[in-house]
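User: I'd like to learn how to read the side-chain contacts in a model like this one. Could you take me through them one feature at a time?

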Amino acid sequence: MKKQYRVGRLTYRVEFAEDGKNDDRLIPSSSPFEVEADDAPVLFTLHVDDTFRPAQRGEEIGQFDCGGSNHGVYRRSDGTYQIQISDVEERQCCLLEARPDFSEGWVALNGNYSMRSFGLNNALMMMYAFSAADQSTLLMHASVIREKGIGYLFLGISGTGKSTHTGNWLRFIPGTDLMNDDNPVVRFLDGKTIVFGSPWSGKTPCYRNIEAPVGGFVQLEQAPFNRIRRQTVVEAFASLLPSCSVMKWDARVYRGICDTVTHVMETTPTYFLENLPDEAAVRLSYETLTNQHNAF
């Protein structure tokens, strides 16, 4: 079975071995992004085959934190990557091997349906993020709200209240909608920052094939008061880069993401919001972001 998907205007393919074990039912969140096979350039191809076994194991070079799960990363002498994906209960559920540029990959899945689904979705996220890193593309950890056709991204480590804040936008600001609640795609195209929905949205099922120009980024921090300010260039870079899926030990990936972050922060405002989980915080961020956007 071969399936083709388009996320953030970039196309990739998933090929399932005809063994009756795995198919696209493992990735239902990808269905809004499925497209008919065409002549569009393919970002990567991922082969799903439980019989796959790597010819050689590489040396461990680090751990990749993906939504609270640590995945072991290994690399062979020829640059081939191997990533051992574990779920939140630390059960190994997927082995991913990928070419050095992540243009092609192979996965063997393990465990029950939820383990296999988790493993395959995480493999796709990493294949997408790392293969597209030098194409002005970021896979970001953020919650995205849209208002009057403009997307606003709220950043912060897990537990800082991103979902609560965007949920309060939905509650208190008429006409808003949620674009993605965990892993939107951000691209810098033709001098503009654009945010896209994706098949990956954490605990909130929000898998929408939509896009919008970005009106601003907001780094959140919980506080006993509400206060917002524009970040300096250095602060903006420090907020945006850690919010991206990145491998610092891969020069191509890291350089591409740093370049894109630089372009984004030069053209799109970034703020720091200390906030309570209340309506006043929403009014403050809404007025600041929309007034800034309307001023351009």
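Analyst: Rings of Phe, Tyr and Trp count as a pair if their centres lie within 6.5 Å, with the six-membered ring used for Trp. Keep in mind that this is a predicted model. Here Tyr5, Tyr12, Phe44, Tyr128 and Trp200 form one aromatic cluster.

User: How many aromatic pairs does the structure have by that rule?

Analyst: The count is 10 aromatic pairs. Take phenylalanine 52 and tryptophan 106: their ring centres are 6.4 Å apart and their planes meet at 20°, so this pair is stacked. Phenylalanine 52 lies in the loop between E4 and strand E5 (59-66), while tryptophan 106 is in strand E9 (residues 104-109), so the contact ties together parts that are 54 residues apart in sequence. Phenylalanine 52 is buried, at 15% relative accessibility, whereas tryptophan 106 is partly exposed at 23%.

User: Which ring has the charged end of arginine 57 over it?

Analyst: That's tyrosine 74, with the charged end of arginine 57 sitting 4.3 Å from the ring centre. Another case is arginine 230, which lies over the face of tyrosine 271 at 5.8 Å from the ring centre.

User: On to charge pairs. What's the general idea, and how many salt bridges does the structure hold?

Analyst: Side chains of opposite charge can pair when their charged atoms come close. This structure holds 17 salt bridges. One of them joins aspartate 38 to arginine 6, with the closest N and O atoms 2.6 Å apart. Aspartate 38 sits in the loop between strand E3 (34-35) and strand E4 (42-48) and arginine 6 in strand E1 (residues 2-7), so to speak distant parts of the chain, 32 residues apart. Both ends are partly exposed: aspartate 38 at 30% and arginine 6 at 25%.

User: Where in the chain are the partners arginine 227 and glutamate 274?

Analyst: Those two side chains meet in a salt bridge at 2.9 Å, N to O. Arginine 227 belongs to strand E17 (residues 227-230) and glutamate 274 to strand E18 (residues 270-275), 47 residues apart. Arginine 227 is partly exposed at 48% relative accessibility, but glutamate 274 is buried at 13%.

There's also a bridge between aspartate 134 and arginine 252, at 3.3 Å between the closest N and O atoms. This pair links the loop between helix H1 (113-131) and strand E10 (137-139) with helix H4 (residues 251-267), across 118 residues. Salt bridges can also chain up: Lys3, Asp24 and Glu34 are linked in a network.

User: Last one: which residues of helix H2 are buried?

Analyst: An α-helix has 3.6 residues a turn, so residues three or four places apart point the same way. In H2 (residues 162-172), the buried residues are Lys162, His165, Thr166, Asn168, Trp169 and Phe172. They span an arc of only 150° around the axis, which puts them on the same side of H2.

Definitions and conventions:
Residues are numbered from 1 along each chain as its sequence is written. This is a predicted model: local features need pLDDT of at least 70, side-chain atom pairs count only at pLDDT 80 or more; totals for chains, interfaces and linings use all residues. Side-chain values use heavy atoms; hydrogens and water are left out. Buried means under 20% relative accessible area, exposed over 50%, partly exposed in between (1.4 Å probe, protein chains only). Helices (H or I, at least four residues) and strands (E, at least two) are DSSP runs, numbered from the N terminus. The arc is that of the directions from the helix axis to the C-beta atoms. A salt bridge is a side-chain nitrogen of Lys or Arg within 4 Å of a carboxyl oxygen of Asp or Glu. Rings of Phe, Tyr and Trp (its six-membered ring) pair if their centres lie within 6.5 Å; planes under 30 degrees apart count as stacked, over 60 as edge-to-face and the rest as tilted. A charge sits over a ring if NZ of Lys or CZ of Arg is within 6 Å of the ring centre and within 35 degrees of the ring normal.
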